[in-house]
Amino acid sequence: MIAYVIRRLASLALVMALVGVFVFMLLHLAPGDPAAIIAGDNATPAQIAAIRNHLGLDDTLPVQFVRWSSAVLSGDLGVSIFSDTPVVTLIHQRLEPTISLTLATLVFSVPVALLLGVLAAWKAGSLIDRLSMAFSVAGFSAPAFVVGYMMIYVFAVRLNWLPVQGYASIGQGLGDWARHIVLPALTLGLAYVALIARITRATMLDVLAEDYIRTAKAKGVAPGAMLLKHALRNGGVPIVTVIGIGVALLIGGVVITETVFNIPGIGRLVVDAVSKRDYPIIQGVSLVFSAVYAIINLVVDLSYTLIDPRITY
């Protein structure tokens, strides 16, 4: 077990090193002179030179990378070009809405997806199965911004049940927070539910065809115990894997969803930074998102040992 954990931690360190190189190169892979792009079309040579000096672009790439990576390892993600605010501070200011949206989406998506997948496999070929899979196909096919605007039109504009846009901090009251977060969470979670439900159904169909499941049925094991204790747990590895992989959908979907619902989270911060070509923010947020995704994948890998201890070997 210890050797397995060490191997996974070493893999995480290697992945983050490669991500760091890519994130650093974002500034230099952009076509043209980054300083001129940031300065704009009407900038004078003096202004462009000042930006180059501010970003340290006159140094060689190895020198720039060593300086940048040293700062990142010390917790410094740079300073915004336009607001002159540390990127760490900007991310901290926008963290609560994004975490709230992500956690609300996970709390809604995972149980619903597992329930749909298990029911579809148990009632394979029935109306329940066909409806569940039709919902999954529709959910995975519909773009997040289309789903979001449909949710706003139906539940906020027509029915007037929920706010159209905006975010209420959880400190302002749980009820107000929930009213503002429910539509974005449903929008973001639809594709996630579809993905997990389809994989759960496919995995459960394979497990339910095994001999030990037929033996459990012959012994009179209750359907609930058979599905949850015997089938779902034995098919847990691919399901947990797709739950972890689906986090990438959430990370990408947060940007779109926060824009549609005007939520002042990290996704909106990225959109604003891209529109202004504020590269330090883009680099910092990309690094943070990559680190979060890598850590979640590490947790998923380690959870395999709880499901099937043979994986450590």
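Thr105 touches Ala185, Leu188, Gly189 and Leu250, leaving out residues up to four places away in sequence; touching, or contact, here means heavy atoms within 4.5 Å. Thr105 sits in helix H6 (residues 95–122), where helices are DSSP runs of H or I with at least four residues, numbered from the N terminus. With a relative accessible area of 0%, Thr105 is buried. On this scale buried means under 20% relative accessible area, exposed means over 50%, and partly exposed is in between (1.4 Å probe, protein chains only).

A quick word on the ground rules. This is a predicted model, so local features need pLDDT of at least 70 and side-chain atom pairs count only at pLDDT 80 or more, while totals for chains, interfaces and linings use all residues. Residues are numbered from 1 along each chain as its sequence is written, and side-chain values use heavy atoms, with hydrogens and water left out.

Next come the nonpolar cores. A nonpolar core is a set of buried Ala, Val, Leu, Ile, Met, Phe, Trp, Tyr and Cys residues joined through side-chain atoms within 4.5 Å. The largest one has 60 residues, and Ile91, Leu101, Tyr192, Ile196, Met204, Ile281 and Val285 have the most contacts inside it. Helix H9 gives the largest share of this core, 14 residues. Met204 touches Val118, Ala121, Leu227, Ala231 and Leu232, again not counting residues up to four places away in sequence. There is also a second, separate core of six residues, which includes Ala35, Ala43, Leu55 and Leu57.

Leu55 turns up again in helix H3 (residues 45–55), whose buried residues are Ile48, Ile51 and Leu55. Looking down the axis of H3, these buried residues fall within an arc of 60 degrees, so they line one face of the helix; the arc is that of the directions from the helix axis to the C-beta atoms. The face turned away from the buried side carries the exposed residues Pro45, Ala46, Asn53 and His54.

Helix H4 (residues 61–73) holds Phe65, which is partly exposed at a relative accessible area of 26%. Leaving aside neighbours within four places in sequence, Phe65 is in contact with Gly20, Val21 and Phe24. Phe65 and Gly20 are 45 residues apart in sequence, and their C-alpha atoms are 9.4 Å apart in space.

As for charged pairs, a search of the whole structure finds two salt bridges, a salt bridge being a side-chain nitrogen of Lys or Arg within 4 Å of a carboxyl oxygen of Asp or Glu. One joins Asp129 and Arg201, with the closest N and O atoms 2.7 Å apart. Asp129 lies in helix H7 (residues 127–141) and Arg201 in helix H9 (residues 174–208), so the pair ties together parts that are 72 residues apart in sequence. Asp129 is buried, at 4% relative accessible area. The other salt bridge links Arg179 with Asp176, the closest N and O atoms being 3.8 Å apart. Arg179 and Asp176 are three residues apart in helix H9, separated by about one helical turn. Arg179 is partly exposed, with a relative accessible area of 39%, and Asp176 is partly exposed at 30%.

Key. Helix = DSSP H or I, 4+ residues; strand = E, 2+ residues; numbered from the N terminus.
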